[in-house]
Amino acid sequence: MPLTPLPTLLVEPLVRQALIEDLGRAGDITTHAIAPLDCAAKTVMAARQEGVIAGLDLAAIAFRLMDPAVRFKPVLADGAHVAPGATVAIVEGPARGILSAERVSLNFVSRLSGIASATARLAAAVSHTKARIVCTRKTTPLMRSIEKYAVRAGGGANHRFGLDDAALIKDNHVAIAGGVAEAIRRVRAHVGHLVKIEVEVDTLDQLEEALGIGVDAVLLDNMSLDDLRRAVTMIGGRAISEASGRVTLEVAPLIAATGVDLISIGWLTHSAPILDVGLDYLA
């Protein structure tokens with residue numbers, strides 16, 4: 001499916017707050033001292049590493065908010081694979097607006113492109129299997145929508161966006177309820193008929209208990225490869241199988257080969273390294 005951009009209404013407040021944070025109490029005193037009010041500039045946004053681009057809409061908003069006269073002309077689209085040196089966009093117009101929005105725009109693009117690039121590497125590593133790479137709720141506070149968008153740009157899929165769009169019964173819920181089956185019963189009695197229920201299990205015995213009462217999905221947490229294979233056989237298509245825990249680029253294909261449907265990875269959104277993207281003066 002084509003990548004659908006996030007609504008401007010959703011992301012503009014994030015960009016606006018980032019610009020306000022950067023401008024501080026007196027604005028860009030360096031640029032205002034050096035660049036005359038009528039100074040024009042042409043710059044190029046370019047990738048300095050191989051990866052996948054994401055966040056260009058946020059960069060465009062940053063320049064527009066700083067000065068509507070700045071023209072942001074993307075050469076590529078989010079989700080595009082880039083080589084080092086590849087031109088991502090041309091930015092031209094009033095120099096003050098370009099320079100003052102430069103860091104915020106690059107912060108968004110570098111951060112989101114880093115997430116997209118890491119996701120793309122993992123998705124490629126398991127592409128010979130049915131498994132899909134998904135993210136988690138381990139996101140930067142207030143940045144969840146754009147970080148999860150970056151996962152999609154890299155070819156991954158999204159898990160829950162929040163606590164209210166699906167029920168995920170985790171180990172502490174099980175402990176409080178007194179068992180897997182009782183936790184599932186309590187949730188099923190509480191939520192509506194359209195809400196899916198997933199339960200996290202650490203052992204095959206817990207899995208058997210969950211399957212006995214019935215759930216939509218099971219999160220197989222930190223299981224060995226042998227236990228994952230056994231779990232997939234036990235599930236037998238009765239629920240979606242999701243593996244999680246200590247997933248690396250090297251381990252992901254081994255987990256995918258067990259037959260699980262999903263591999264969820266928290267570090268995609270909380271620890272993925274940025275993709276180095278820069279803005280260079282042309283004229």
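Tutor: Start with a definition. Axes are lines fitted to C-alpha atoms, for helices over the stretch in contact, and angles run from 0 to 180 degrees between N-to-C directions. Keep in mind that this is a predicted model.

Now the helix pair. Helix α3 spans residues 56–66, and helix α4 spans residues 95–125. They pack at an angle of about 165 degrees, with their axes 8 Å apart. Angles over 145 degrees count as roughly antiparallel, and α3 and α4 are therefore roughly antiparallel to each other. Their crossing is right-handed.

Next, the residues in contact. From α3 come L56, L58, A59, A62, F63 and M66. From α4 come G97, I98, S100, A101, E102, V104, S105, F108, V109 and L112. Twelve residues of this contact are nonpolar, three are polar and one is charged.

α3 lies across β1, β3, β5 and β12, and runs at about 165 degrees to β3. α4 lies across β1, β5 and β12, and runs at about 155 degrees to β5.

The sheet itself is open and has four strands. Their order is β3-β5-β1-β12, with antiparallel pairing. The edge strands are β3 (71–74) and β12 (277–281), and each pairs on one side only. From one strand to the next, the twist averages 20 degrees.

Finally, look at one strand pair. β1 covers residues 40–47 and pairs with β12 in the antiparallel sense over five bridges. Here A46 stands opposite G278 in β12.

Notes:
Residues numbered from 1 in each chain as written. Predicted model: local features only at pLDDT ≥ 70, side-chain atom pairs only at ≥ 80, totals over all residues. Heavy atoms only, no water. Helix = DSSP H or I, 4+ residues; strand = E, 2+ residues; numbered from the N terminus. Parallel < 35°, antiparallel > 145°, perpendicular 65-115°, else oblique. Left-handed = near helix turned anticlockwise from the far one by under 90°. Contact = heavy atoms within 4.5 Å. Nonpolar A, V, L, I, M, F, W, Y, C, P; charged D, E, K, R; others polar. Pairing = 2+ DSSP bridges.
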